[in-house]
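I opened the notebook to keep track of what I looked up in this structure.

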Amino acid sequence: YMNKKTLLLFSLGLFSLMACSSSPTAEEKLAENCENGALDKCLEGSWNLVGLYDRMDLSAPKVSFNPTSTFKFNADKTFEFTLTSATTPSYVAPECNYDKKNCSPTQFGTWRMDGSTLYVKPTGDCMPIAEYPFTITVDKDNLSLNGRLFHDTEICGVGSHLVLVEKYTRQ
């Protein structure tokens with residue numbers, strides 16, 4: 001009788017501990033997807049544009065935006081890119097008229113991953129409809145593209161010798 005009672009109490013205690021354990025949070029699942037190379041799942045969600053960086057110097061943006069633009073990757077493989085109307089690079093002189101040189105206000109399209117290459121196909125009227133490839137670096141909090149898609153190729157005031165890339169943080 002004592003062994004059955006001890007076994008019963010042990011089983012109840014073990015069951016209680018198992019019942020208390022929780023399933024992973026959305027953030028834990030996201031981190032796991034990113035760490036395990038599930039880049040399409042890692043990419044899904046909304047990202048804020050931190051700025052445009054010199055590919056050779058990622059320490060500080062050459063062009064920053066305030067308020068930020070957003071890039072949203074949907075689970076159905078569509079995207080939305082919103083360039084805020086108040087977006088202005090920090091260095092711009094009045095004659096640059098930067099906003100008129102960029103895609104605005106919102107561009108739509110589709111996306112897909114192939115290895116570490118992101119293919120983005122805009123369907124709006126801002127740029128030719130084609131698949132644009134980007135090698136990406138992504139984790140649960142940061143996304144870097146090896147180029148820029150929705151920003152004019154001639155960035156007034158920065159100089160043409162720089163190769164600028166887009167960096168984002170997760171919303």
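These are my entries on a predicted model.

**Entry 1, disulfide.** I looked for linked cysteines and the count came to one disulfide. Cys34 and Cys42 form it, with 1.9 Å between their sulfur atoms. I then read the torsion about the S-S bond: 95 degrees, a right-handed link.

I moved on to strand 3, residues 70-73. Phe71 and Phe73 make up its covered face, while Thr70 and Lys72 make up the uncovered one. Strand 1 (residues 45-54) runs antiparallel to strand 3, and four bridges join them. In that pairing I picked out Asn48, whose bridge partner in strand 3 is Thr70. Strand 4 (residues 78-82) is also antiparallel to strand 3 and is joined to it by four bridges. Here Phe71 has Phe81 as its bridge partner in strand 4. The hairpin of strand 3 and strand 4 has four residues between the strands, and I noted that Lys77 in this hairpin takes a positive phi near 70 degrees.

How many aromatic pairs does the structure hold? I counted five. I wrote down the pair of Phe73 and Trp111, which is edge-to-face, with 5.4 Å centre to centre and 85 degrees between the planes. This pair links distant parts of the chain, since Phe73 is in strand 3 and Trp111 is in strand 5 (residues 106-114), 38 residues apart. Both Phe73 and Trp111 are buried. I then listed one aromatic cluster, formed by Phe71, Phe73, Phe79, Phe81, Trp111 and Tyr168.

Last, I checked side-chain charges against ring faces. I found Arg112 over the face of Tyr119, 4.1 Å from the ring centre. Lys167 lies over the face of Tyr53, at 4.4 Å from the ring centre.

Methods. Residues numbered from 1 in each chain as written. Predicted model: local features only at pLDDT ≥ 70, side-chain atom pairs only at ≥ 80, totals over all residues. Heavy atoms only, no water. Disulfide = S-S within 2.5 Å. Phe/Tyr/Trp six-rings, centres within 6.5 Å; stacked < 30°, edge-to-face > 60°. Helix = DSSP H or I, 4+ residues; strand = E, 2+ residues; numbered from the N terminus. Buried < 20%, exposed > 50% of the residue type's maximum accessible area, 1.4 Å probe, protein only. Lys NZ or Arg CZ within 6 Å of the ring centre and 35° of its normal. Pairing = 2+ DSSP bridges.
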